[in-house]
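Q: Hey, I'm new to this one. Can you walk me through it?

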Amino acid sequence: MNAAETRTLLARLLHGIAPEVDLDGLDPAAPLQEEAELDSMDFLNLVSALYDETGIEVPERDYPQVASVDGFVAYVAAASGSRR
Amino acid sequence: MPSLGADMEAGTLLEWRVQPGDTVHRGDIVAVVDTEKSTIEVEVFEDGVVEALLVEPGTEAPVGAPLARIAAVAPAAPAAAARPTRAVAAGRKRAARPRKAKAKPAARPGTAEPAPTVAPVAAHLRASPLARRRAAERGIDLAAVAGSGPGGAVVAADLDRATVVPAPAAPEAAVPGPPGRREDRQAAMRRAIGALMARSAREIPHYHLATTIDMATALAWLAETNEQRSVSERLLPGALLLKATALAAREVPALNGFWDGSYRPSPAVHLGVAVSLRGGGLIAPAIHDADRLTLDELMAALRDLVGRARAGRLRSSEMSDPTLTVTNLGDQGVDEVHGVIYPPQVALVGFGRVAERPWACGGMLGVRPTVRATLAADHRATDGMIGARLLNAIDRLLQHPEDL
């Protein structure tokens, strides 16, 4: 998955959790949970949905790396690359 | 019409899930009702056969009004042919347990006409409360709308796509309908919360206690546990806090129950969980028998409950019988919460965020993850000594997470 595809994926996953959030309106470098007003349950559901869709599992210790839109995109792009 | 929380005065019947002649069992979902706060699935409280549906979909009915007539299953003895019939969930207003409420005899025979049509397709239709409202206003058949929400649920934006000529590149973020309606719902919810909280502030002499709990052991155990689990089985710190509170509530029954002129302890622990809704507002449905669930079961129940609260798919029993409510504002970044009790409950437990803070222990100053736990309790029912017992129990239980 390249960065654009990952971003589209993130938009879709977010839509299932917080339908009113517009990914393009978020600061990509800022904390995603605050930007999208996700609580810890929402965030767990996001990571869970990512796993369901892609098989990519984000361990808890890596949560800081996926804590922003940019971080999420980079992490998932790298993880999907290394899986090929 | 059951009382789905002490702040509810009336509800609108959205759909029937049963037809006259259907056999129902306690706990079956028989109808869907819209309140100011949410769409609620109404469960039946006893076994029987549906004789008549008394309220048409789309009709608003006050709390306590009969919705349907259900005949108790006829016993073998022929003499008992005229078993009393009972209306579905005619809850006493303000009473926290519709389960106990005895029905009023159902109304005039003329009203016993069954609702003529309940389209079968409507029975399993998923739609947000807002979408239902708008669809009703605009005369849109929800069954004909493709849903884009969770689980294919129809959300308000879908209606816009359904009514407006569909532009191929229509942005997802289409303005959700006339702004006035959304504000109506918001305003209704604010009014409902305001009325209940004003009653609480007026009637309940609150006292407040707080304590700081060392979370180092609990979080270390949690990290280790989650490390070995797939993502769908991970636990959140909030599940530990809930379980500890549920067990503590069982230990201190004086804080787990209802006030209606005098205190009535509850034999079961139905933990109310305050869930903030997207777009504003708050709802506090119950996790039943939370003290008896394993941590995994409690986590699953919490996940399910939060999801359904936000999707507007709660069940009547969840709305009507919490015995003690927990509010966790940790994700909102505050240190502590001084709660307001949900009448007719007599206590509310609050948690702030789990954060690293200075901590003195054994003559040394260190840094530990801690959480501020607070209790708001009803002075008519208990004094601070009892309240302190609850907070101390929560603290003690959290020091042994493996036993939770």
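Here is a chat that goes through the model chain by chain.

Q: What kind of model is this, and how are things numbered?
A: It's a predicted model, where local features need pLDDT of at least 70, side-chain atom pairs count only at pLDDT 80 or more, and totals for chains, interfaces and linings use all residues. Residues are numbered from 1 along each chain as its sequence is written, while chains are lettered from A and ligands numbered from 1 in the order in which they are written.

Q: What scores does the predictor give the complex?
A: An ipTM of 0.88 and a pTM of 0.73.

Q: And what's the average pLDDT of chain A?
A: Chain A averages 90, and 96% of its residues score at least 70. pLDDT is the predictor's confidence in each residue, from 0 to 100.

Q: Where in chain A is confidence lowest, and where is it highest?
A: Lowest in helix 4 (residues 69–83) of chain A, with a mean of 86, and highest in helix 3 of chain A, at 93. Helices here are DSSP runs (H or I, at least four residues), strands are too (E, at least two), and both are numbered from the N terminus.

Q: How about chain B?
A: Chain B averages a pLDDT of 81, with 75% of the residues at 70 or above. Over residues 76–84 of chain B the pLDDT is below 50, and that stretch has four contacts in the model beyond near neighbours in sequence. Residues 163–180 of chain B also stay under 50, with 16 contacts beyond four places in sequence. A contact means that the C-beta atoms of two residues, placed from the backbone, lie within 7 Å.

Q: What should I do with the low stretches?
A: Where pLDDT is low, the predicted coordinates should not be read in detail.

Q: OK, new topic. How many residues are in contact between the chains?
A: 16 residues of chain A are in contact with 19 residues of chain B. Helix 1 and helix 3 of chain A each supply at least two residues of the chain A side, and helix 3 of chain A gives the most, with six residues.

Q: What classes are the residues on that side of chain A?
A: Seven are nonpolar, four polar and five charged. Nonpolar covers Ala, Val, Leu, Ile, Met, Phe, Trp, Tyr, Cys and Pro; charged covers Asp, Glu, Lys and Arg; the others, Gly among them, are polar.

Q: How do helix 1 and helix 3 of chain A cross?
A: The axes of helix 1 (residues 3–17) and helix 3 (residues 40–54) of chain A come within 10 Å and cross at roughly 130°. Axes are lines fitted to C-alpha atoms, for helices over the stretch in contact, and angles run from 0 to 180 degrees between N-to-C directions. These two helices of chain A are therefore oblique to each other. For the cut-offs, under 35 degrees is roughly parallel, over 145 roughly antiparallel, 65 to 115 roughly perpendicular, and the rest oblique.

Q: Which residues meet there?
A: A:Leu9, A:Leu13, A:Gly16 and A:Ile17 in helix 1 of chain A meet a group in helix 3 of chain A that includes A:Leu46, A:Ala49 and A:Leu50.

Q: Which residues meet between helix 5 and helix 8 of chain B?
A: Among them are B:Leu240, B:Ala244 and B:Leu247 in helix 5 of chain B, and B:Leu390, B:Ala393 and B:Ile394 in helix 8 of chain B. By class, the contact has nine nonpolar, one polar and one charged residues.

Q: Where does B:Asp289 sit, and what does it touch?
A: B:Asp289 is in the loop between strand 15 (286–287) and helix 6 (295–311) of chain B. Leaving out residues up to four places away in sequence, B:Asp289 touches B:Ala268, B:Val269 and B:His270. B:Asp289 counts as partly exposed because 15 other C-beta atoms lie within 10 Å.

Key:
A residue is buried if 20 or more other C-beta atoms lie within 10 Å of its own, exposed if 12 or fewer, and partly exposed in between; C-beta atoms are placed from the backbone.
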